[in-house]
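I opened the notebook to record what I looked up in this structure.

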Amino acid sequence: MKETFLVKHAVGGRAFIDTSKQSVPYTWEQQGEQWLFRVQIDQPERIAELLKWKEELNVFVFQEFENEPTRKLWFYVGDDAVQFAEDKGELTIVATSHISYIPDQFSVK
């Protein structure tokens, strides 16, 4: 499976992090009713603009499988859910809900 991780301003806004364009180490896991994303970024200046919009971020994970359609997961970031630890170079994002969908299953008739 190939996975792409995106952090965007709102839904149609610009992408601050896009692993399809630039490799960035990250992990994500579900913790109870939340999802925790940890992103390693060793350049704090890259995060400054993202932090300006931290109350309006969405996280997306696209999972591409060899013999199945791509699955898209859209995570909603809550208030006060984005932190950056400059000493560790770690961005932490907590998402409070999500939807999962397969675009190929939606069609316009």
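**Entry: salt bridges**

I began with Lys-52, which counts as exposed at 62% relative accessibility. My cut-offs: buried is under 20% relative accessible area, exposed is over 50%, and partly exposed is in between (1.4 Å probe, protein chains only). The model is predicted, so I note its terms: local features need pLDDT of at least 70, side-chain atom pairs count only at pLDDT 80 or more, and totals for chains, interfaces and linings use all residues. Residues are numbered from 1 along each chain as its sequence is written, and side-chain values use heavy atoms, with hydrogens and water left out.

I then looked up the partner of Lys-52. Lys-52 forms a salt bridge with Glu-49, with 3.1 Å between the closest N and O atoms. Here a salt bridge is a side-chain nitrogen of Lys or Arg within 4 Å of a carboxyl oxygen of Asp or Glu. Both residues lie in helix H1, 3 residues apart, about one turn of the helix. Helices (H or I, at least four residues) and strands (E, at least two) are DSSP runs, numbered from the N terminus.

What else does Glu-49 form a salt bridge with? I found Arg-14, the closest N and O atoms being 2.7 Å apart. Glu-49 sits in helix H1 (residues 44-52) and Arg-14 in the loop between strand E1 (2-9) and strand E2 (15-18), so this pair ties together parts that are 35 residues apart in sequence. Glu-49 is partly exposed at 28%. Arg-14 is partly exposed too, at 43%.

Lys-52 and Glu-49 are bridged. Salt bridges that share partners join Arg-14, Glu-49 and Lys-52 into one network.

A search of the whole structure gave me 4 salt bridges. Among them is Arg-38 with Glu-29, its closest N and O atoms 3.6 Å apart. Arg-38 is partly exposed at 31%, and Glu-29 is partly exposed at 37%.

**Entry: aromatic rings**

How many aromatic pairs does the structure hold? I count 9. Rings of Phe, Tyr and Trp (its six-membered ring) pair if their centres lie within 6.5 Å; planes under 30 degrees apart are stacked, over 60 edge-to-face, and the rest tilted.

I checked one of the pairs, Trp-28 with Phe-75. The ring centres are 5.5 Å apart and the planes stand at 70°, so the pair is edge-to-face. Trp-28 lies in strand E3 (residues 26-31) and Phe-75 in strand E6, so the pair ties together parts that are 47 residues apart in sequence. Trp-28 is partly exposed at 25%, whereas Phe-75 is buried at 0%.

The charged end of Lys-72 sits over the ring of Phe-62, 4.6 Å from the ring centre. The test is NZ of Lys or CZ of Arg within 6 Å of the ring centre and within 35 degrees of the ring normal.

**Entry: two single residues**

Is Thr-4 buried or exposed? Thr-4 is buried, with 6% relative accessible area. Thr-4 lies in strand E1. Leaving aside neighbours within four places in sequence, Thr-4 is in contact (heavy atoms within 4.5 Å) with Asp-18, Thr-19, Ser-20, Phe-60, Val-61, Phe-62 and Glu-64.

Last, I looked up Asp-80. Asp-80 has a positive phi of about 55° although it is not a glycine. Its place is in strand E6 (residues 71-85). At 57% relative accessibility, I list Asp-80 as exposed.
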